[in-house]
Structure formats: C-alpha cells, structure tokens
Amino acid sequence: MMNKLLQSSSFKRISIFVVIAIIIYAMKSMINLILLTFIFAFLMDRLVQFIEQKIPLNRKLIVVISYACIVGLLSYGLVMYLPMIAGEIRDLIKQLTAFYTSKHDNIVLNYVVRRIEEIQISSYLEQGFTFIFKYFTDISKIGLQILLALLLSLFFLLEKPRLIEFTKKFKKSKIASIYEEVEFFARKFVATFGKVIEAQLIIAVVNCILTTISLWLLDFPQLGGLSIMIFLLGLIPVAGVIISLIPLVIIAYSIGGLMKVLYVGIAIAIIHGIEAYILNPNLMSSKTNLPVFYTFIVLIFSEHFFGVWGLIVGIPVFVFLLDVLEVTETKKPS
C-alpha cells in the first residue's frame, strides 16, 4: 500500500508542489522582484498580443515600442505630477488627522471617536505611518526592483519563442517526469493567477476612473491623492471598497455634512454594483466567485504571511490552488 502511494502520480505531484512552495518561501526576500517580473511580463505579453492582432508588425519591434511608451509615460507622469500628488496626499492626511482630533456636534461621531481612542487606534496609526515612512525611505531599493523587473520582463518577451523552445528540451532530459509536473503547475498558474491579476487591474482602473469622476462632481479636494488611494485599494478584492469608503466618508462629512456622506454612499454603491454585476462576471471566471467569508479569511491570512503583497495576490494564489485541486463550481440544475 505504501509503495503504491509513493509511486502514484498524485503523491509525486503533491511532493513537487511542496518542494516548489519551499523554494519560493526560501526566496521570500526576492518576492518583490519575482512577482513584479511575472506581472509585468504577463500584462505586457497580453498587450503585445493585442497589438499584433491589430497591426501586422515584427513582434520584437512591438515589444520595444510598447516598453518605450510605457516607461516614457511613467517617467513623464512622475516628473510632472509626483510633487503635486505628494502635496495632495500630505493635505489629505492633515485633513483626516484634523477630523480625528477635533470635537464634533454630532453625538454619534463623538461616541465613535471615543471608542477609537479607547482601543488606542492612534498607536496603530503611528505604527502604520512609521511603516509607510520606512517604505518610502527605501524608495531607491523599490525603484531598483521595478527597473530590474522591467528589464527581465523585456528580455523574456524579446526571446519568448526561443525560451519556449529551449525549455521544451527538458521533456527529453533525465528530469522529464519532474519537468512535466512543473509545466503543469506553470500552465495552471498563468491561466489563473495571471488572468485574475489582469482582471483585478482592469477593475481597479475602472473603479478609480468612475470614483474620481463622482468625487469631482461632488467637489472633493485632493483628487490626485484620492485617486491613487482608490486605485491601490481597488487592487484588493472586496475589502478595498470598504477600506476606501472610510476616508471618503470622513472627508465628505468634513466638507458637506451628512448629505455629502449620503451622496458619496450612493455613488460608491452604484460603482460597486457595476463592479459586482458587470465587471466581475465578464472579467473573472466562475472559480473566482468566492463567498465573501472566504475572501476575507484569505485576505487576513495572506496579509499576515506576505504583508501588503498578500492583500493583492492572496485571492489569485487561492484561485490557483482551487484550480490545481480541481475545485469547480457546481452547476445548478435548470
């Protein structure tokens, strides 16, 4: 019985998966570079494929032009708008701090503030700002990782056909059985993780645009800082909407009272409805239609083990595991 278990394909697949997981965990200091390289390569490859269908040009030329345009736009945006957005974020933090420290005529708000003080949320805020300060003081390291990720993804796309041909040689090598299992996991990973990340990015962009337009119509200040906050939080499934709603409600109350809060709530509800009933069904597969409880559990554990990255990649990794385990959604009988 034991020999049959050890020789079974399922045991071999699970063993190789565990080894891969251990190797990735041992390389956790490089997780930023690994994830950024994969995300850049996947998204740019999709862009290149889309352009190839529309414009019949040499693939390498399309890759070079695409990267040149993306890097050029990012550089221009950083030089022109980064100081302005940094100022808006600073003003936004001051506004939120002023709301928290000032007294309010509303009994409910005063009660909420007192409860916040009782649970010593200020200490958590202090830790959070310390983390953010440390994160941005390490900006040179982050910039280097992004640059390396862009270069690696560029070289990957330029030599993609050659890389595929070279990698296929392992099928006839002495580690062919291991290669087949690694290839299986790689295909599943690209088909689930990559596509879910792509869908999350599209949803975050659409949510950011719609929410920013709504806030502009409601005469909100610091739209640049708010739009960046909304976009980044939009990368977090489900929880991002709830988290972003808290500062928006505070600002709405500060500039227009309860009526402005009501307008913001209605706008966010409409945008969330567009995401839930239009974007998600069209962009996400049925396997990503997780119950909210599962979503929050995955986010809590992934944030604990992987930090900020866990909030963004936790759901895609969980969906990848569901796909590997062949956990499919049961179709209701018609």
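**View 1. F293 on the surface.** F293 is exposed, its relative accessible area being 62%; the cut-off for that label is over 50%. Please keep in mind that this is a predicted model.

View 2. Helix 12, spanning residues 292-306, gives the patch its largest share, with nine residues.

View 3. Is Q200 buried or exposed? With a relative accessibility of 5%, Q200 counts as buried, because the label applies under 20%. Q200 sits in helix 9, which covers residues 176-217. If you follow the side chain of Q200, you will find the backbone oxygen of L235 at 2.8 Å.

**View 4. The whole chain, for orientation.** How many helices and strands does the protein have? There are 13 helices and zero strands, and reading along the sequence gives the pattern α-α-α-α-α-α-α-α-α-α-α-α-α. Of the 334 residues in the protein, 31% are buried. Among contacts with a separation of 6 or more, 72% are between residues 24 or more positions apart. The protein exposes about 22,300 Å², and carbon and sulfur atoms supply 71% of that area.

Terms used. Residues are numbered from 1 along each chain as its sequence is written. This is a predicted model: local features need pLDDT of at least 70, side-chain atom pairs count only at pLDDT 80 or more; totals for chains, interfaces and linings use all residues. Side-chain values use heavy atoms; hydrogens and water are left out. Helices (H or I, at least four residues) and strands (E, at least two) are DSSP runs, numbered from the N terminus. Buried means under 20% relative accessible area, exposed over 50%, partly exposed in between (1.4 Å probe, protein chains only). A polar contact is a pair of N or O atoms within 3.5 Å; within protein, one must be able to donate a hydrogen and the other to accept it, and residues adjacent in sequence count only if both atoms are side-chain atoms. Contact means heavy atoms within 4.5 Å. Accessible areas come from the Shrake-Rupley method with a 1.4 Å probe; for residues, only the protein chains shown count as cover.
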